[in-house]
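Here is a short briefing for a reader who is new to this structure. Please look at the sequence and the model first.

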Amino acid sequence: MPRYELALILKAMQRPETTAALRRTVESLMQRGAVVRDLENLGERLLPYTITKHNQKHSRGAYFLIDFYSATDVLSGLLDHLHRDVDVVRPTVLKKDDQVSGSNCCGDPTVI
């Protein structure tokens, strides 16, 4: 299974509501067979511009990164589910590359 990262912006809410929205998102991933590796809270901050979603204007949002493994055919259904969630302002799934090897791309740096 390939490795993905879900960059998630939730609308500004109190802590219990934010926790419930995150729980729904992670449970949705796991129901679709994904293996969640990590969840990182990047904090609440101003959005770069006002985003209108579900007939609401959002100027602040809570940013999260979710690192997971999943089959490729799951992503379209997951994004469809997240776009319909009223607490999600912006979901973005990115494919994470494998770790880049430590070798120098230009050859041996001691040879001139």
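Ala7 stands opposite Leu65 in strand S3. This is a predicted model, where local features need pLDDT of at least 70, side-chain atom pairs count only at pLDDT 80 or more, and totals for chains, interfaces and linings use all residues. Residues are numbered from 1 along each chain as its sequence is written, and side-chain values use heavy atoms, with hydrogens and water left out.

**The sheet**

- Four strands make an open, antiparallel sheet in the order S2-S3-S1-S4.
- Helices (H or I, at least four residues) and strands (E, at least two) are DSSP runs, numbered from the N terminus. Two strands pair if DSSP finds at least two bridges between them.
- Strand S2 (35-53) and strand S4 (88-95) are the edges; each has a single partner strand, so one side of each lacks a neighbour in the sheet.
- On average, neighbouring strands are turned by 20 degrees against each other, direction ignored. Axes are lines fitted to C-alpha atoms, for helices over the stretch in contact, and angles run from 0 to 180 degrees between N-to-C directions.

**Strand pairs**

- S1 and S3 are antiparallel and share nine bridges.
- S2 and S3 also run antiparallel, joined by 13 bridges. Gly43 has Tyr63 in S3 as its bridge partner.
- The hairpin of S2 and S3 has two residues between the strands, and His54 there takes a positive phi near 55 degrees.
- Strand S1 (residues 3-11) pairs with S4 over seven bridges, in the antiparallel sense. Leu8 stands opposite Pro91 in S4.
- Helix H2 (residues 75-84) packs on the sheet and touches S1, S2, strand S3 (56-69) and S4. Contact means heavy atoms within 4.5 Å. The direction of H2 makes about 165 degrees with that of S4.

**Salt bridges**

- The whole structure holds nine salt bridges. Each is a side-chain nitrogen of Lys or Arg within 4 Å of a carboxyl oxygen of Asp or Glu.
- Arg24 forms a salt bridge with Asp85, with the closest N and O atoms 3.1 Å apart.
- Arg24 lies in helix H1 and Asp85 in the loop between H2 and S4, so the pair ties together parts 61 residues apart in sequence.
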